[in-house]
Amino acid sequence: MSLINKESVKKRMGSRVAANGFAKFLFILATSFSLIVLGVLIYRILVDGLPYLSLDFITNFASRMPERAGIWAALLGTIWIMAVTAPVSFILGVGTAIYLEEYAKKNAFTKFVQVNIANLAGVPSIVFGLLGLTIFVRLAGLGSSVLAGGLTMSLLILPVIVVASQEAIRTVPKEIREASFGMGATKWQTIRRIVFPAALPGILTGTILALSRAVGETAPLLVLGALAYVAFVPENLFSQFTVLPIQLYNWTSRPQEDFHMLAASGIIILMIILLIMNSIAVYIRNKFHKRF
Amino acid sequence: MSRDKTNQKSIRSMIQENKSSRSQSAVMEKVVPKIFLICAIISIFTTLGIVFTLLTETFTFFNRVSIVEFFTNTRWFPFTADKNADYGILALVMGTLTVTAIAMVVAIPVGLAAAIYLSEYASAKTRKLIKPILEVLAGIPTIVYGFFALTFVTPLLDSIIPGGISIFNALSPGIVVGIMIIPMIASLSEDAMNAVPNSMREGAMALGATRFEVAMKVVLPAALSGVMASFVLGISRAIGETMIVTIAGGSRPTADINVTESIQTMTAYIVQVSQGDTGYGTTIYYSIYAVGMTLFVFTLIMNLLAQFISRKFREEY
Amino acid sequence: MDITINKQLVQKDIKKEEQFTPVFKINNLNLWYGQDHALKDIKFDIPEKQVTAIIGPSGCGKSTFIKTLNRMVEMIPIVRMSGEIVYREKNIFDPKYGVEELRTQVGMVFQKPNPFPKSIYDNVAYGPRIHGIKNKKVLDEVVEKSLRGAAIWDEVKDRLNENAYGLSGGQQQRLCIARCLAIEPDVILMDEPTSALDPISTLKVEELVQELKKDYSIVIVTHNMQQAARISDRTAFFLNGEVVEYTDTSTLFSNPSDKRTEDYITGRFG
Ligand SMILES: Nc1ncnc2c1ncn2[C@@H]1O[C@H](COP(=O)(O)OP(=O)(O)O)[C@@H](O)[C@H]1O
Ligand SMILES: [Mg+2]
């Protein structure tokens, strides 16, 4: 007597294959769901936003009249914030990464710094807004200025840049470090002339992606007291400002349909900026991919 | 191959001469690591700054509002005369948890299914096509999702749900937060499943298992900790999400949840206060720190839990 | 392995053990990786302007030994050492004697070609630059002379600004030698410099080593005994972290005094 009843195995085989087919269909459906949502989202924004999109829309200040409103102040505010955030977060992030990868001993302190960075990456952005409000706006007396906003954003994206830079530094092969040390180069010479340039493409890719996240951030700057309605361009680091996402929030939260369409037009501009930044990041990544 | 002896000497001697400048570089060797150490310490100060800020301002808040009321009152009505104001965080927590729950109902099945499809079924070509799209989806600013929730999803739900839905409600932002989190869960879960060695799959396949059975009985259990960690991180993201719920969720804090009605989350409350003209030093001003502290603790617990899960049950192949 | 051919090859120029000026004097050198005793009481002298080959089965400590000569081995944290290495009358472990200075005198060529991800020119100019030479004319001269010295000038002279990663493996290795020559070291250490190369490139590097010994003292690790026989003047046979035999290359291959050496060179193990 056979232990396995071949007939019943065969019978069940059919239903098992059917289950596999059905499951595959569901999985594809779920995956397509994301794609469909992305399609609908882009379609809706183009339909709503294209009518108001014009050169005037970019160069005009905000206005109570939808047909005269534009994003000039917000656009320049975003650029000003980036002008602070990009260098500050780059220097702090890369410095931290170099410290952790090249200098730090494997001890409790190093581990603590590493765990701390991982946790910082999970703190909601709005909490960084509260930090900036207390430390930069009030304690340091910077007010709701470009500088306060830029510094807050730097701290927000710092963990992302640190982690990306660490990964980039780790891909630099130890053989070329040895070659440098073998010629009598000091540690700092080796880092500055060999490790850093070799890791730079990866570091830049990570930094640009982190900055593109900062460009789209709204909450921390709202909490910081960035203005929602601005009819001027920041003049220096201590000027008040608004940024693109805050302008979009302002328009979205108004009840009139026309302002929603303005918001959609602004979203198109915002997405184009992000698309450009991401394309640059991907270009750098692909161009310098796997050189070692 | 002739070598110019005089010149050869000169290079070696030039290097010797330059030795004097080496004391200068010796200083650099000592100073540079210190500068980088300071950079690393700033990240610690950021954490300390967050904790310090939240603690001190929350402390001031609890000097004015009883901590017992904060945790037990179910009403949150700060914008009335001080005597009548209610500060029961439960109302905001319930708003946050409702949105989070709806988001996870959307994100977990869809994200996990996408992960299984990508890691177990899709060809390399399909994967190469879909992964960038997921990355795009993950890179869309939350303000855009908020706009989408308010101007598309809410009207859509209103036309589907019998009896309609309020213009501000928990359902629409919940769904959209879920959509926002799908790429994160999909990609983290896929990473975990990709880490399962092929030999385990082949073993099961050789016994005649279908792909579906391999995915559910071999791969998923083996990758479980990574998958669970991705869920927990997703929850953390949903709790901290601000703009979508601010735009589409409304500003009516209530512990008595009806998903078709307006609610308020912790994050949305903080935005509401910073948008208003509440003066520095008022109880309302301090309340955003107490709310922020609660939010911070929630997300910290989730993040630590995620780290714990993926470390504790790290798959050893 | 066809040892008879080897013997004929080396028998031609059997020399008597001769006196020489040492560049390195190694005395009772011991090295541990943690608990692992990798070099045991090493004691021998390395001659000036000759090629010294280090042979022995894999894992016997050849790389470890050669890396002690420019103190690269100290980059591995678990390493402990005792004993003495005297380079030109100076103890290299003397705290006053900086590793950077030592490595400027004692250059190294590695097993796998490891050019920097920079242009050919910048690769060669790297050494002079880090040692403070900035003058463009001087650098140009050094680059050309070093590339000529490494017998690769004609192949790369028209593309000095191209990335070094575009070169073939053999060219890369000669570029690495040129890079090493650019700071005009006194000694060149080579750790199996041809093991990653094809036979033709190997031949080129071997010819180059013959040429270079006119000006440089060379220590070369190789697991290829024919290579040691072809290019070296003296040979040390390492086994399990010990120097079993160290003598004229011709003597070692034709008339080894230790049974273990004989076993090794006749291919009985390793
Ligand atoms: N980084 C290291 N850490 C620990 N042990 C090592 C390390 N490098 C080499 N060893 C050990 O030292 C011994 C000699 O190695 P090596 O010098 O590389 O030999 P060879 O170059 O002759 O093949 C080996 O037993 C090896 O396992
Ligand atoms: Mg070796």
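Reply: Let us begin with the contact itself, where 73 residues of chain A touch 73 residues of chain B, contact meaning that heavy atoms lie within 4.5 Å. Before going further, please keep in mind that this is a predicted model, in which local features need pLDDT of at least 70 and side-chain atom pairs count only at pLDDT 80 or more, while totals for chains, interfaces and linings use all residues. Residues are numbered from 1 along each chain as its sequence is written, chains are lettered from A and ligands numbered from 1 in the order in which they are written, and side-chain values use heavy atoms, with hydrogens and water left out.

Between them, chain A and chain B bury about 6300 Å², and 78% of this area is on carbon and sulfur atoms; buried area here is the accessible area, found with a 1.4 Å probe, that two parts lose on being put together, summed over both.

The side chains of A:R16 and B:E213 form a salt bridge, with 2.6 Å from N to O. There are also 13 residue pairs in polar contact between chain A and chain B, with both residues at pLDDT 80 or more. A polar contact is a pair of N or O atoms within 3.5 Å; within protein, one must be able to donate a hydrogen and the other to accept it, and residues adjacent in sequence count only if both atoms are side-chain atoms.

On the side of chain A that touches chain B, the largest share, 21 residues, is supplied by helix α1 of chain A, which covers residues 6-49; helices are DSSP runs of H or I with at least four residues, numbered from the N terminus. Sorted by class, that side of chain A holds 51 nonpolar, 15 polar and seven charged residues, where Ala, Val, Leu, Ile, Met, Phe, Trp, Tyr, Cys and Pro count as nonpolar, Asp, Glu, Lys and Arg as charged, and the others, Gly among them, as polar.

Terms used: Salt bridge = Lys/Arg side-chain N within 4 Å of Asp/Glu carboxyl O. Helix = DSSP H or I, 4+ residues; strand = E, 2+ residues; numbered from the N terminus.
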